[in-house]
Amino acid sequence: MARLPYLGAADLDGADKDIVKSGMNLHRILAHSPDAARCFSGLARHLRLDSSLDAPLREMAILQTVYMTKSAYAYSHHLQLSRNVGVTDNDVKAIETETAVGDSGLPDLDRAVLRAAREMTDERELADATFDTLRAHLSTAHVIDLLMVIALYNSAVRLLGTLELDVEPAFQTELDAHPFTKEIA
Amino acid sequence: MARLPYLDEDDLAEKDKDIVKRPINLNRIIAHSPEAAHKFGGIGGYIRFGSSLDPRLREMAILQVGYLTKSPYEYSHHLKIGRDFGVAESDVTAIETETAGGDSGLPELDRAVLRGAREMTEGMKLSDDTYAVWAEHLSEAHIVDLTMVIAFYNGVVRLLGALEIDVEPEYAPELEKHPLPE
């Protein structure tokens with residue numbers, strides 16, 4: 001069980017009920033601080049729904065970040081979200097391969113996106129070669145959006161881990177299909 | 001030099017000029033993606049001005065993240081901001097002591113905030129002992145806020161590092177007074 005009680009619409013004032021509209025455990029916990037919930041979701045939603053950054057690349061960056069940090073909650077959710085925007089099972093395998101420092105055969109940019117997520121997560125910086133590949137393919141706005149996605153999910157996994165959020169049953173099946181590999185687990 | 005050019009008001013559309021109203025280098029870089037900058041600033045603004053979490057504790061948590069991750073930009077800025085919100089010189093020394101595994105003599109909650117920041121930064125979670133102290137002293141809303149502060153600044157230091165954002169000359173003296181560990 002999570003460290004705080006999950007809230008539902010009945011626990012919240014009229015104006016705050018929208019926070020838990022998704023029914024996701026993350027929103028049901030953040031709702032203890034409604035304005036915090038709103039600003040956090042505001043950035044996450046912007047990056048997911050409004051940014052013109054390529055959606056599969058964005059999801060690959062997220063999957064890499066949360067796979068490396070072993071965040072069961074974030075990984076299970078983004079396995080599903082990423083599939084909805086075209087990330088394939090092969091891509092998910094590629095992330096496992098690249099995390100184990102193998103060559104997945106993905107295109108240059110895809111590999112650089114995954115490498116960027118690993119470098120930022122582990123080292124909090126980017127190698128010159130990684131940045132140069134990103135910059136060769138992406139506009140400055142998309143570079144910012146991509147790096148912000150990776151930064152934000154480094155925040156998210158800590159929030160999820162600290163508050164010990166439970167994976168909802170609907171998402172548990174995602175983890176069963178793609179368990180963390182032994183090296184990661 | 002940073003990895004992208006710093007932008008100023010003149011480079012931005014009318015509706016986006018407010019992003020660099022506080023012309024710190026971080027804002028001047030994320031302005032390359034104005035909507036993202038607005039939303040990112042929304043979290044920072046909530047943390048600093050919207051939350052009712054004790055501001056000194058909040059700044060202690062932020063300083064602990066910056067010190068532990070050796071982020072010159074984050075640490076220098078929050079040495080100054082922290083002072084404005086009641087962080088004393090002895091608190092900064094206490095962060096150094098606690099990071100090195102010592103007992104600073106700070107009150108239990110202060111120590112648990114610093115320990116929580118270190119645990120979350122390094123292990124992505126919080127020990128039961130640390131959480132028990134938070135829960136004893138803080139409301140549920142403040143627990144969420146404190147968790148978000150520490151989580152958010154773990155993102156911030158990565159953005160700063162990845163984009164190689166430079167410490168501005170007016171913040172550099174902070175680091176001379178309080179150098180980061182080697």
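**Entry 1: domains of chain B.** I looked up the domain assignment of chain B, which gives domain 1 (1–50) and domain 2 (53–177); such bounds come from an automatic or database assignment. This is a predicted model, in which local features need pLDDT of at least 70, side-chain atom pairs count only at pLDDT 80 or more, and totals for chains, interfaces and linings use all residues. Residues are numbered from 1 along each chain as its sequence is written, and chains are lettered from A and ligands numbered from 1 in the order in which they are written.

I noted 23 Å between the C-alpha centres of domain 1 and domain 2 of chain B. The contact takes 10 residues from domain 1 of chain B and 9 residues from domain 2 of chain B; two residues are in contact if their C-beta atoms, placed from the backbone, lie within 7 Å.

On the domain 1 side in chain B, α1 (25–30) and α2 (34–50) are the elements that give two or more residues. Helices are DSSP runs (H or I, at least four residues), numbered from the N terminus. The largest share, 3 residues, comes from α1(B).

**Entry 2: domains of chain A.** I found chain A divided into domain 1 (1–50) and domain 2 (53–177). Here 10 residues of domain 1 of chain A are in contact with 11 residues of domain 2 of chain A.

**Entry 3: chain A against chain B.** I read 39 residues from chain A and 39 residues from chain B in this contact. Which helix supplies the largest share of the chain A side? I found that α8(A) does, with 17 residues.
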